[in-house]
Structures are given as structure tokens and as C-alpha cells.
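Please go through the following briefing with the sequence and the model at hand. It is arranged by topic.

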Amino acid sequence: MSDRYAVIGNPIGFSKSPLIHGTFAKMTGQDLVYEAIEGPLHGFNERVDQFRTEGAKGLNITAPFKLDAFAYANELSESADRAGAANCLKFDGDRIIAENFDGIGLVRDITVNLGVKMAGRRVLMLGAGGAARGALLPFLRQEPSELVLVNRTLSKAVALAEEFAGCGPLIVSGYAELADLAEGYDVVVNATSASLRGERPPLPGNVFRGAELAYELAYGKGLTPFLRAARAEGAAKLADGVGMLVEQAAEAFAWWRGVRPSTAQVIAELTVPLS
């Protein structure tokens, strides 16, 4: 009988995870089935309990259940613990192990697939929500010369900086103060939800000048207002989050199955042109 895995979210119809993991299984010769589960908004634990009793081996987590998955687990990796959220669970008897591969997948996409090094570079991250939180430790481990975290509500960025104090050169700023800091960033990452609403974060006009990469965490949206501004101001490379999506999936697959699939083909198939 094939091993069972799934992704859980609400809504879940948009998810590319079944396609991605199905392709990975074919690539690597793994005998598994992977499905999408639309979890009830107020019944996450019960639905996952049911899935486990059916013999499930693991579960990917998407919105809005990453905090529920974190609370459901009885073992936490450092990445999940630091992020305060889980995007992946592994079931081993009574053990429910939580991981968070979002930040690792993002770093791999930037540094390997896009060939942009972060070590010794100035990095700007927009947003201080769950996406930014999950990326902070992987980013700081790349040893940038400076990581600037900017958020509309400055207190949220300050709280994150205090939590990650001692992990690396993390600076916080509001958007209004960012103009005073903007001496040229090498990598600018939009971890806000602005692009999902068709909006542009309130950035000063000099942020993208000289940037090697502008990275939009949202994927499949084409040229978002953030990326359009980056192109207009001369950022050398533009990317959306499809590579991060596939890379975090590959990390989960390797964690579950012990073999890491190639990602280039899947990224190419899922990429929407930035135009």
C-alpha cells in the first residue's frame, strides 16, 4: 500500500502541492500518494487526527493552519520553533514532528537557482508577519552585512528584532524612516501581503537603485506593483515566489523520503512570465 501524504489548508483548491509532490515521486521512484485536504477552520486537530489514523506519514501545511500545526506537534525543529509556525509535519508513531522549510526554500531559490549571494550583502525585507518571521533565521545564517526589516507597524518589527537578537546584524525601520537608510540594497524581498491586494508597499523611490534582485514572495501574479516598481528603478533581476514554493516542497520531500528531488523542471513548469 502506498504511503500517504497531503497538504491541508482552507481554501485549498489553488494548491500546486499535489502536482509538485506527484512529480517528485515519479522522478525519484517513490511509492506514495499525495492529496489536498480542505481543513475545517475550527477543526484542524480533529481532521489531522483522522488523517493519521488512516496511516498518513506526513502533512504539508498552508494558510491558515501553520500556527495550528505548530501547536499540534509534540516535537519542534529549531526552524519551526524560531518561526513559531510549522509548514510541514512528520508522523512517526506517537511522535508528531514539526518543521518549517519556508525560509530555507526561499534562501535556496535566491542563492542557488537565481545565483544571488547574500553573504556580505545588504538585504531589505518588507513585512514582519509570518512569512518574514520564518525567513529571518535562514537569512541571517547567510551572513549578510545588514538585514533591514521594515514594517508599517514598527512595534511588530521591533519585537521580532528583540526575539532574534544575537543572530546577526538585524536592523528595523518604519517605511517613513527607510529613506534615511536606503544607501542601496543588493536584495529586496517583499514578504508583505500587499501584492495579493494589487497594492505596492509604500517604499521610497531609491530602494531598488543598484539592486541585484527584487523578490516577490507571492507567486503566479505576474508583474506585481512591487516588481513593476523594481523594474522601473533598474533592479537587475526580478523573481516571484514559485521557486521558493518548489524548493520548500523539495526540502519536505527529502525530510520524509530521504531523497532530494531535482527542482528545475518543476519550477520551469509552474513559472508564470513576469510581464
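Which strands does helix 1 lie across, and at what angle does helix 1 run to strand 2? Helix 1 lies across strand 1 (3–9), strand 2 and strand 3 (56–61), and its angle to strand 2 is about 175°. The model is predicted: local features need pLDDT of at least 70, side-chain atom pairs count only at pLDDT 80 or more, and totals for chains, interfaces and linings use all residues. Residues are numbered from 1 along each chain as its sequence is written, and side-chain values use heavy atoms, with hydrogens and water left out. Helices (H or I, at least four residues) and strands (E, at least two) are DSSP runs, numbered from the N terminus.

**Helix 1 and helix 10**

- Two packed helices are described by the angle between their axes and the distance between the axes.
- Helix 1 (residues 17–28) packs against helix 10 (residues 242–257) at about 55°, and their axes are 10 Å apart.
- That angle makes helix 1 oblique to helix 10; angles under 35 degrees count as roughly parallel, over 145 as roughly antiparallel, 65 to 115 as roughly perpendicular and the rest as oblique.
- Axes are lines fitted to C-alpha atoms, for helices over the stretch in contact, with angles from 0 to 180 degrees between N-to-C directions.
- The crossing of helix 1 with helix 10 is right-handed, a term used if the near helix is turned clockwise from the far one by less than a right angle.
- On the helix 1 side the contact (heavy atoms within 4.5 Å) involves Ile20, His21, Phe24, Ala25 and Thr28, and on the helix 10 side Leu245, Val246, Ala249, Ala250, Phe253 and Trp256.
- The residues of this contact divide into nine nonpolar, two polar and no charged; Ala, Val, Leu, Ile, Met, Phe, Trp, Tyr, Cys and Pro count as nonpolar, Asp, Glu, Lys and Arg as charged, and the others, Gly among them, as polar.

- Six strands form an open sheet with mixed pairing, in the order 2-1-3-5-6-4; two strands pair if DSSP finds at least two bridges between them.
- Strand 2 (32–38) and strand 4 (75–76) are the edge strands, each pairing on one side only.
- Strand 3 and strand 5 (residues 88–92) run antiparallel and are joined by three bridges, and Gly58 stands opposite Lys90 in strand 5.
- Strand 5 also pairs with strand 6 in the antiparallel sense, over five bridges; Leu89 has Ala98 in strand 6 as its bridge partner.
- The hairpin of strand 5 and strand 6 has two residues between the strands, and Gly93 in the turn has a positive phi of about 65°.
- Strand 4 and strand 6 (residues 95–99) run parallel and are joined by two bridges, with Ile97 in strand 6 as the bridge partner of Glu75.

**Strand 10 and its neighbours**

- Strand 10 (187–190) pairs in the parallel sense with strand 7 (residues 122–126) over four bridges, and Val123 stands opposite Val187.
- Strand 10 pairs with strand 11 in the parallel sense over four bridges, and Val189 stands opposite Tyr215 in strand 11.
- Both faces of strand 10 are covered, with Val187 and Val189 buried on one side and Val188 and Asn190 buried on the other; buried means under 20% relative accessible area, exposed over 50%, partly exposed in between (1.4 Å probe, protein chains only).
- Arg197 lies in the loop between strand 10 and strand 11 (213–216) and is partly exposed, at 49% relative accessible area.

**Helix 6**

- Buried residues in helix 6 (residues 130–141) include Ala132, Gly134, Leu136 and Phe139.
- Glu143, which follows helix 6, has a positive phi near 60°.
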